[in-house]
Amino acid sequence: MSQRWLMIADAHLTCSKPEDEFFRMLNAAGRLPGDVGIVFLGDVFDLWIALRGYENDDHRRFLDWCRAEKRKRKIVFLEGNHEFFVAKTYADAFTFAGEDSYQDGLLQWFHGDRINKRDHAYAVLRFIIRNRLTRWLLQLFGATIGPAFAHYVRERLRTTNQAHKHYFPEPHALRYLSSCPAGSVVFAGHFHDRVTKSVDGRIMEVLPAYADASELAYYDPSSPSLAVFPADRIADVCGKPINQEAAES
């Protein structure tokens, strides 16, 4: 049986209110067959600085779920532009955790925040925050100025080059897609809108944000299309392979 994939993009959990709906969805995902891998395409949290002094119970609850689930299925975590040092700090919690991309044959996943090469302000902000010196300083001052810095980062992410945030940079995306091997299917989040683009049989699927309408995405290699659906239908859509459903109908 081929590997199937459930994908969750841009949940943007705020940790300022109960996130029971999200964790109910995860519990439902945990009841799916083991051949359904789960990919988190970034921005699970509205801000996650994965260092002591910057995390709370929701971060730990999510990590505990992932550690338990990776014993049963593939759990992939890709950092979004609102997450810092997660892949390095918690590699043990996932089958794979990375700052860039994940690939399974001709399937590829990444968050999508670096597709737009013209978003120079974000590139500078990313460089300032994602380096060893900044990480060391954050660890050193986590108990003092850490919360103020976290607030600063959250506000900068919200306001830096706002015109680029939900604009899909089609020329850059198509250029990237053209560089992929023939037959590739690339999945991304970040833009919060459902977008499909293709170049010579290569396909890019941009997923909607879970934060906006609690939508998930599901890909079965035996089917030619991506399914996007409300989270409360997770068992119906992902419970068994699409080709098995066709055989039984």
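Two groups count as in contact here when they have heavy atoms within 4.5 Å of each other. That is the sense in which the buried residues of H8 pack against strand E9 (185-188), strand E10 (195-199) and strand E11 (202-206). Everything shown is a predicted model.

**View 1. The whole chain, for orientation.** The protein chain has eleven helices and 13 strands. Of its 249 residues, 51% are buried. Take the contacts with a separation of 6 or more: 66% of them are between residues 24 or more positions apart. The accessible surface comes to about 11,800 Å², and carbon and sulfur atoms own 54% of that.

**View 2. Helix H8 and its buried side.** H8 spans residues 170-178, and His 172, Ala 173 and Leu 177 are buried in it. Why do these residues sit on the same side of H8? Because they cover an arc of only 135 degrees around the axis. Their packing partners are the strands E9, E10 and E11.

View 3. Strands of a sheet pair through backbone hydrogen bonds, and they can do so parallel or antiparallel. On one side, strand E7 (residues 101-104) runs antiparallel to E8, joined by four bridges. Asp 104 has Leu 107 of E8 as its bridge partner, while Ser 101 stands opposite Phe 110. The hairpin of E7 and E8 has two residues between the strands, and Gly 105 takes a positive phi near 65 degrees there. With E9, E8 pairs in the parallel sense, again over four bridges. In that pairing, Phe 110 has Ala 188 as its bridge partner.

**View 4. The two faces of E8.** In a regular strand, side chains alternate between the two faces of the sheet. Which residues of E8 (107-110) lie on each side? Leu 107 and Trp 109 are on one, Gln 108 and Phe 110 on the other. All of these are buried, so both faces of E8 are covered.

**View 5. The six-strand sheet.** Here the order is E6-E4-E2-E1-E12-E13, in an open sheet with mixed pairing. Neighbouring strands are turned by 20 degrees against each other on average, direction ignored. At the E6 end, E4 and E6 pair in the parallel sense over three bridges, and Leu 78 stands opposite Gly 98 in E6. Helix H1 lies across E1, E2 and E12, running at about 175 degrees to E1.

**View 6. The largest nonpolar core.** In soluble globular proteins, nonpolar side chains tend to be buried together. The largest such core here has 43 residues, and Leu 6, Phe 22, Phe 40, Phe 62 and Phe 94 are those with the most contacts inside it. Elements giving two or more residues include strand E1 (4-8), helix H1 (20-29), strand E2 (36-40), helix H2 (57-69) and strand E12 (215-219). Which element gives the most? H1 does, with six residues. There is also a second, separate core of 16 residues, and Ala 9, Val 76, Ala 217 and Leu 226 are among them.

**View 7. Zooming in on Phe 22.** What does Phe 22 touch, once its neighbours within four places in sequence are set aside? The list is Ile 8, Ala 11, Leu 13, Phe 40, Val 44, Phe 62 and Tyr 210.

**View 8. Ala 91 in its loop.** Ala 91 lies in the loop between helix H3 (86-89) and strand E6 (96-98). Is Ala 91 buried or partly exposed? Its relative accessibility is 42%, so Ala 91 counts as partly exposed; buried would need under 20%. Ala 91 and Phe 77 are 14 residues apart along the chain, and their C-alpha atoms are separated by 9.2 Å.

How values were computed
Residues are numbered from 1 along each chain as its sequence is written. This is a predicted model: local features need pLDDT of at least 70, side-chain atom pairs count only at pLDDT 80 or more; totals for chains, interfaces and linings use all residues. Side-chain values use heavy atoms; hydrogens and water are left out. A nonpolar core is a set of buried Ala, Val, Leu, Ile, Met, Phe, Trp, Tyr and Cys residues joined through side-chain atoms within 4.5 Å. Buried means under 20% relative accessible area, exposed over 50%, partly exposed in between (1.4 Å probe, protein chains only). The arc is that of the directions from the helix axis to the C-beta atoms. Two strands pair if DSSP finds at least two bridges between them. Accessible areas come from the Shrake-Rupley method with a 1.4 Å probe; for residues, only the protein chains shown count as cover. Axes are lines fitted to C-alpha atoms, for helices over the stretch in contact, and angles run from 0 to 180 degrees between N-to-C directions.
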